[in-house]
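Subject: Structure for your files

Hello,

Please find the structure below, with notes on what was found in it.

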Amino acid sequence: MKVNFDIIDNHSLSFEKRLIDLHNNFDFVGFNYNIVEREIKLCWKKSIGIWVDKNEFSGLVLTHKSVNYLKVIEQDENSTFDDYACLGEITLSPSTLREMNDSIIPKSKPDEKDDILYLFENGARIRIHCEQIILNFQI
């Protein structure tokens with residue numbers, strides 16, 4: 001898997017010398033799966049908290065290209081909207097360990113056979129294997 005970012009502390013991305021804190025500074029707004037194109041887009045918008053830098057990106061999209069595996073694990077039925085919008089962790093995991101969707105591995109760059117795993121505060125998980133992930137931002 002090729003990426004244009006590094007994972008930092010399992011909740012942030014390093015992109016063009018800029019640290020993007022997905023846990024604290026962005027709210028997850030959803031994803032779009034284009035089956036024909038084999039492309040998944042995960043979208044975030046800038047949080048409105050006073051702790052968020054006014055120069056932070058207004059939004060960002062992680063585009064997963066040539067997807068060959070997707071698993072979505074349901075959220076906890078008692079979770080709140082705030083929990084749903086908040087990414088807890090982002091991690092890489094070997095595709096041979098797909099039955100384990102709660103392990104956090106401190107790793108900044110993926111290997112070819114890694115999956116990327118997004119763990120949300122509401123218990124939802126999105127696990128994807130693809131050839132490439134591209135981070136794009138909105139100013």
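This is a predicted model: local features need pLDDT of at least 70, side-chain atom pairs count only at pLDDT 80 or more; totals for chains, interfaces and linings use all residues.

Residues are numbered from 1 along each chain as its sequence is written, and side-chain values use heavy atoms, with hydrogens and water left out.

Overall fold. The protein has 1 helix and 12 strands, where helices (H or I, at least four residues) and strands (E, at least two) are DSSP runs numbered from the N terminus. Their order along the sequence is β-β-β-β-β-β-β-β-α-β-β-β-β. The radius of gyration is 14 Å, which agrees with the value near 14 Å for a compact globule of 139 residues; it is taken over C-alpha atoms, and the globule rule is 2.2 Å times the number of residues to the power 0.38. Of the 139 residues, 42% count as buried (under 20% relative accessible area; exposed is over 50%, partly exposed in between; 1.4 Å probe, protein chains only). Among contacts (heavy atoms within 4.5 Å) between residues at least 6 apart in sequence, 61% join residues at least 24 apart.

Three strands form an open sheet in the order 2-3-4, with antiparallel pairing; two strands pair if DSSP finds at least two bridges between them. Its edge strands, each pairing on one side only, are strand 2 (6-8) and strand 4 (18-21). Strand 3 (residues 12-15) pairs with strand 4 over 4 bridges, and leucine 13 has isoleucine 20 in strand 4 as its bridge partner.

Aromatic pairs. There are 5 aromatic pairs in the structure. Rings of Phe, Tyr and Trp (its six-membered ring) pair if their centres lie within 6.5 Å; planes under 30 degrees apart count as stacked, over 60 as edge-to-face and the rest as tilted.

One of them is edge-to-face: phenylalanine 15 and phenylalanine 137, at 5.7 Å centre to centre and 70° between the planes. This pair links strand 3 to strand 12 (residues 132-138), with the two residues 122 apart. Phenylalanine 15 is buried at 5% relative accessible area, whereas phenylalanine 137 is partly exposed at 31%.

Phenylalanine 28 and phenylalanine 120 form a tilted pair, 4.7 Å centre to centre with 45° between the planes. Here strand 5 (residues 26-34) is linked to strand 10 (residues 114-120), across 92 residues. Phenylalanine 28 is buried at 4%, and phenylalanine 120 is buried at 6%. Ring pairs join Phe28, Trp44, Tyr118 and Phe120 into a cluster.

Regards
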